[in-house]
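Open your viewer and get ready to click along. We will go from one selection to the next and look at what is there.

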Amino acid sequence: MPRSSVSPYLPPETDPESDLAVAHLLADAARGPALRHFRAPDLAADDKSGGGAYDPVTAADREAETAMRQLLARLRPRDAILGEEHGAAAGASGRRWVLDPIDGTRAYVIGAASWGVLVALEENGAPALGVIDQPYVDERFWGDGARAWHRRGAEGATRALAVSGVRDLARARLCTTFPEVGTAAERAAFEAVRDKARLTRYGLDCMAYALLAAGHVDLVIEAGLKPYDVQALVPVLRGAGATVSGWRGDDAPGAEGRVLAAATPELHRAALALMQAAL
């Protein structure tokens, strides 16, 4: 791939043929549709809940995922794909790209800039590479499980991400997307931690995890998630030094739709003990 065709967010020392280069290009491809429809006065949203809690989908979701899939068909035709809007496509390589074109569509439809584009690459069933992109404020976070980085603006400096180091639950800044977390038991588990944390904020979707990786949030607890909500987050979180699991502590993030992400192992253990006692 010629250097002129790579993402402007790709660090210059990175191989332009690498999976990281492709991941950045995928995030770039989603930006056009996502920005074109954001805060548009005629934005329409369909409800795909089937009668449950409101679950909007817009033309931006569909067009952004289509743009990413078209790029993968050209650059990684043997890889499988799982996307929120267009489902699964089989591959022959044993690898899979997991796409959420707009994570946080509820925020998107009200014009709140807490949504993001999520891109993950799975190898051997586990997330190996992840990108969290917020096009409107022009911030991108990415990681490979060993390290993680952030850039604001294509001309901005790339900096390494690191978690806060907070160990004490009484000092922790906690986030979740909804105050109504999953089942009644799951909500009770969340509230057991909430009642001990210093500060709780709601509704940030994928950006809560990005802010945890950047050291501004200390805990994120969520339930009711799908693989495309989770897989891109894990390499960024772990690359920044976070401890992330399901709600059993020894399970994979996203198991049973649940995630517990913490800045430190000590904070993770403290939150997990309260949650398990409430479940």
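Start with the largest pocket: 35 residues line it, and Asp-55, Arg-106, Phe-178, Gly-224 and Asp-229 lie nearest its centre. A pocket here is an open set of points on a 1 Å grid over the protein atoms alone, with protein on both sides within 12 Å along at least five of seven lines, and lining residues have an atom within 4 Å of a point. This is a predicted model, where local features need pLDDT of at least 70 and side-chain atom pairs pLDDT 80 or more, while totals for chains, interfaces and linings use all residues. Residues are numbered from 1 along each chain as its sequence is written, and side-chain values use heavy atoms, without hydrogens and water.

The space in this pocket is about 790 Å³, counted as the space filled by probe spheres set on the grid points. Now colour β5 (95–103), α3 (105–109), α5 (206–213) and α6 (227–230): each gives the lining at least two residues. Helices (H or I, at least four residues) and strands (E, at least two) are DSSP runs, numbered from the N terminus.

Next, select Leu-174. Which residue is its bridge partner in β12? Thr-200 is, and in β13 the partner is Leu-219. Show the whole strands: β11 (173–176) pairs with β12 (199–202) in the parallel sense over 4 bridges, and with β13 (219–222), also parallel, over 2 bridges. Strands pair if DSSP finds at least two bridges between them.

Finally, go to Thr-58, at the start of α2: one of its side-chain oxygens comes within 3.1 Å of the backbone nitrogen of Ala-60.

Notes. A polar contact is a pair of N or O atoms within 3.5 Å; within protein, one must be able to donate a hydrogen and the other to accept it, and residues adjacent in sequence count only if both atoms are side-chain atoms. On a 1 Å grid over the protein atoms alone, a cavity is a set of points where a 1.4 Å probe fits but cannot get out, and a pocket is an open set with protein on both sides within 12 Å along at least five of seven lines; lining residues have an atom within 4 Å of a point.
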